[in-house]
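Visitor: Hi, I've got a model open and would like to talk it through. Can we start with the domains and then move on to the chain contacts?

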There are 2 protein chains.
Amino acid sequence: MTYKNAGVDIGKVRRVHGEIGAFVEKTFAFRKGKFGEVLGKFGHYANLIDVGGGRALALHSDGVGTKVLVAQLMDKYDTIGIDCVAMNANDIICIGAEPVALVDYLAVEEPREEMISEIMKGLVAGAEEAEMAVVGGETAIMPDVIKGAVPGRGFDLSATSIGVVEVNRIVTGAAMKPEDIVVGLESSGVHSNGITLARKALLERRGLSVHDKLPISGEKVGEALLKPTRIYVKPVLEALGVAEVHGLGHVTGGAFSKLNRICMGRVGLLLDQMPEPHPVFFDIQEAGNVDEEEMYRTFNMGVGFVIVTSKETVENVIEACRRHRVNASIIGKVVEDKGVRLVTSKGRMIKL
Amino acid sequence: MTYKNAGVDIGKVRRVHGEIGAFVEKTFAFRKGKFGEVLGKFGHYANLIDVGGGRALALHSDGVGTKVLVAQLMDKYDTIGIDCVAMNANDIICIGAEPVALVDYLAVEEPREEMISEIMKGLVAGAEEAEMAVVGGETAIMPDVIKGAVPGRGFDLSATSIGVVEVNRIVTGAAMKPEDIVVGLESSGVHSNGITLARKALLERRGLSVHDKLPISGEKVGEALLKPTRIYVKPVLEALGVAEVHGLGHVTGGAFSKLNRICMGRVGLLLDQMPEPHPVFFDIQEAGNVDEEEMYRTFNMGVGFVIVTSKETVENVIEACRRHRVNASIIGKVVEDKGVRLVTSKGRMIKL
C-alpha cells in the first residue's frame, strides 16, 4: 500500500497547494504599506505579518485529519484536541515564534454535548501545554456536510493559531550550514499524520478492530493510533534561548520529505543516525505491505521534530529537551549536497 | 417549518457554546502577563488580545455553513469564498477593528483542482473587497469525513481572521444610549445564514430545483441562495472615522436576536422602521410555511448590518454607506427597555 492508494495523493495535494499559493499571494498587496504587511511567503510552516515594534505575527491553520475517525471508533474524544493544538503549535514554533493564541473550528454531524465537551477538554489541555489561550471558536452543526466512522459521531476539527516572533529572530533554515547538527526529538507515536494509511492498513487490509492488539507493539490498535501528538513548544522555545538554532522542522504531512523546506535549495540533510522506530510503525508497514521509503515519506518514524544547531551548542539543545522530558538525540547533519537523505532502520539510504 | 426542525437547534447551539465558553476561558490564564494577554470575553463577535503599543488584535473564526451545498448543486464555486471572507470580516468590524489577514481551512471530499481554484478565486475577490491578505490556508482531503449534495463535490469552507484596533477605540455597544439611532445597511439577499431552513423549504418541502424560478422574486432558486454575502468593511470603517459610532452589529446566525449582544443587558433596540424585505424572503417563508417571527430570528430580512450612532451623526453614517454604494436607512433607535423589539413588514411587534 501507499499513502496515495490509501486515498491521499500527496503529489496532487502539493500541486494544488502550489497553484493556490501563487494565486493567493496576490492578496498580499492588499495590505501593502498598512498595518499587517505580509512578510513571509505562502507555504512555509507559517506565514508572517508585520505588527510593528520589530515584531511579527505568525499565522497558521491546521487540522487533525482523519484521526477524528479513530476517536469516533473508540468513542473517546478527550485527547483529539491535544492533537489539534499540537498540529498548530508545532508548526508555529518552526519559524522561531512563540505560540500565543488559538481559535478552533469544529464541524459536527450532530450537536452531541458530551462529545463536544470532551473535545474541548483536550483542546484546553493542549493549550495549557503550549501556553496558548483559546480565544474563540466556531462550532458548526452540519449533518449534510460532515460524516464519520459511526453514524452521528462525525466531526472535523481544525484550528488557526497565532504566534509572535521578533523579526530579527525568525528561523527559516537560511542560516543552516554544512557541519551543523540535526537533533531529532522523539515522537509519542503516529501523531496526526498518515492516519489514513494506518487505518486502511490495520483496519481494512488486516481486518483488525480498534480494540485488537497490534502483533508487534502489543498496544491496542485504537490506543496506538489515538495517542496524542507531542507538543514541542517548551523544549524548542528553551533551545532557542540556549543554543544557536539554524533550522526547525515539524515532521508532519509528508514526514521527512517536508524537511526539504528548511533546506531552501541551499544545503541538504543527511539523516544517518535515525533512532529505531517505535514498533507501531512496523505493525502498520507489515499490515499494509508498505514500502520502507513510503513509510519515511508518510510517518514520523519516531522523530516528531528536528532542531538544526551549530556543533558547539548541540548539548544545550539535547539538555533543553531533557529538562522537558523529551528524549532527543543526534540524527544527522547538514551537508552541501542538496535534498534530504535518510538511512532507514534497515540500513538503506533513501532520498526524500 | 422552523430553523430547529430544519435541523439547526439554535437554542442547543447556544447552550453548547455557553458551556464551551466558560470552560475554554480558563485558557486565558495561560497568557497572563505575557505577550498576547486576552482582553475580550469569549462570545462577543470577536475576541481581543493585547499586542502592545495601545493596540489589540481581534480574532475570529467562521464558516459558510451549508451554503456549500447550494454551490455544489449549482456546480459553481467562484463566489462562496466571498461569503467566507464576509462572514469573517463583517464580524471583525463589529468591535471596531480593521480586518487585516485571513487564513482559510478547506476540507474536501476529493481533490478536484478546478473546484478548489474556483473557491480560491472567490476568497481572493472577497479579500480584495475587505482589504485583507490571505496569508495561509489548509486544504484537507478527507473522503471519509466530508460529504456533499452531489457525490465527489463535497467540501466545507471556513476561515479565521485577524483585525487590529486601538484599545481605546474598541466598540462593544457599551456606549449605546437611549435616543441613539440604528442605521440598517442593506443586505445582498440571504447571505450565509439560515441556508439550511431555506434549502429545506424551497428544495425539499416545495420540491423546487436550484434551476427553477422562485414564484415571488422571480430569481432562480440557486442564484438567489448563492448570491454572495455583502462585505461591509469599507462603509463601516469610513463611518467609524466620520461619525460617533456606539454599536455595530452583523446580522448573522440568530439574525436580529443576535443584536441583544450589543445591548449588553443595559439598553434595548426598537426597530420600528425596518425596510420591506427582499422578495426572496417571502418565497422562503411561503415555501416553508415559516412563522414571521422565526423569519426574523433566522434571516437578515434585507438588513445585513447595523450601525448605532448618536443622533447628530446619523447623516454621516448614511453618507459613508452611500459613498460605498450600500443603501442604508434609519431602522430604529436605542431605548431604555431592554431587549430587541422589531416591527415586522406585516406591522406586528415581536421581541427577539
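Visitor: What distance separates the centres of domain 1 of chain A and domain 2 of chain A?
Guide: Taken over C-alpha atoms, the centres are separated by 21 Å. Keep in mind that this is a predicted model.

Visitor: And where does the domain assignment put the two in chain A?
Guide: Domain 1 is 35-169 and domain 2 is 181-351.

Visitor: How many residues of each are in contact?
Guide: On the domain 1 side there are 30 residues, in contact with 23 residues of domain 2, both in chain A. The elements that each supply at least two residues to that domain 1 side are α2 (67-74), α3 (80-92), β3 (98-108) and α4 (113-130) of chain A.

Visitor: Which one gives the most?
Guide: That's α3(A), with eight residues on the side of domain 1 that touches domain 2. By class, this side of domain 1 of chain A divides into 16 nonpolar, seven polar and seven charged residues.

Visitor: OK, on to the chains. How many residues of chain B are in contact with chain A?
Guide: 71 residues of chain B, and they are in contact with 71 residues of chain A. β4(B) gives the most to the chain B side, with nine residues. The chain B side that touches chain A has 39 nonpolar, 19 polar and 13 charged residues.

Visitor: Is the crossing of α1(A) and α4(B) left-handed or right-handed?
Guide: α1(A) passes α4(B) in a right-handed crossing. From α1(A), the contact uses A:Val16, A:Glu19, A:Ile20, A:Phe23 and A:Val24, while α4(B) brings B:Glu113, B:Ile116, B:Ser117, B:Met120 and B:Val124.

Visitor: Switching to helices inside chain B: how many residues of α5(B) are buried?
Guide: Nine of the eleven residues in α5 (residues 195-205) of chain B, which is mostly covered. Among the buried ones are B:Leu197, B:Arg199 and B:Lys200.

Visitor: What covers the buried residues of α5(B)?
Guide: The cover includes α2, α6 (221-226), α9 (279-288) and α10 of chain B. After the helix comes B:Gly207, with a positive phi near 75 degrees.

Visitor: And α2(B), how many of its residues are buried?
Guide: Eight of its eight. They include B:Lys67 and B:Gln72. What covers the buried residues of α2(B) includes α3 (80-92), β5, α5 and α6 of chain B. Just after α2(B), B:Asp75 has a positive phi of about 55 degrees.

Visitor: Last topic: where is B:Asn300 found?
Guide: In the loop between α10 (292-298) and β9 (303-309) of chain B.

Visitor: Is B:Asn300 buried or exposed?
Guide: Buried, with 29 other C-beta atoms within 10 Å; the cut-off for buried is 20 or more.

Visitor: Which residues is B:Asn300 in contact with?
Guide: Setting aside neighbours within four places in sequence, B:Asn300 is in contact with B:Ser187, B:His191, B:Asn193, B:Val251 and B:Ala255. B:Phe256 is 44 residues apart from B:Asn300 along the chain, and their C-alpha atoms are separated by 7.2 Å.

Definitions and conventions. Residues are numbered from 1 along each chain as its sequence is written. Chains are lettered from A and ligands numbered from 1 in the order in which they are written. This is a predicted model: local features need pLDDT of at least 70, side-chain atom pairs count only at pLDDT 80 or more; totals for chains, interfaces and linings use all residues. A crossing is left-handed if the near helix is turned anticlockwise from the far one by less than a right angle, and right-handed if clockwise. Helices (H or I, at least four residues) and strands (E, at least two) are DSSP runs, numbered from the N terminus. Two residues are in contact if their C-beta atoms, placed from the backbone, lie within 7 Å. Domain bounds come from an automatic or database domain assignment. Ala, Val, Leu, Ile, Met, Phe, Trp, Tyr, Cys and Pro count as nonpolar, Asp, Glu, Lys and Arg as charged, and the others, Gly among them, as polar. A residue is buried if 20 or more other C-beta atoms lie within 10 Å of its own, exposed if 12 or fewer, and partly exposed in between; C-beta atoms are placed from the backbone.
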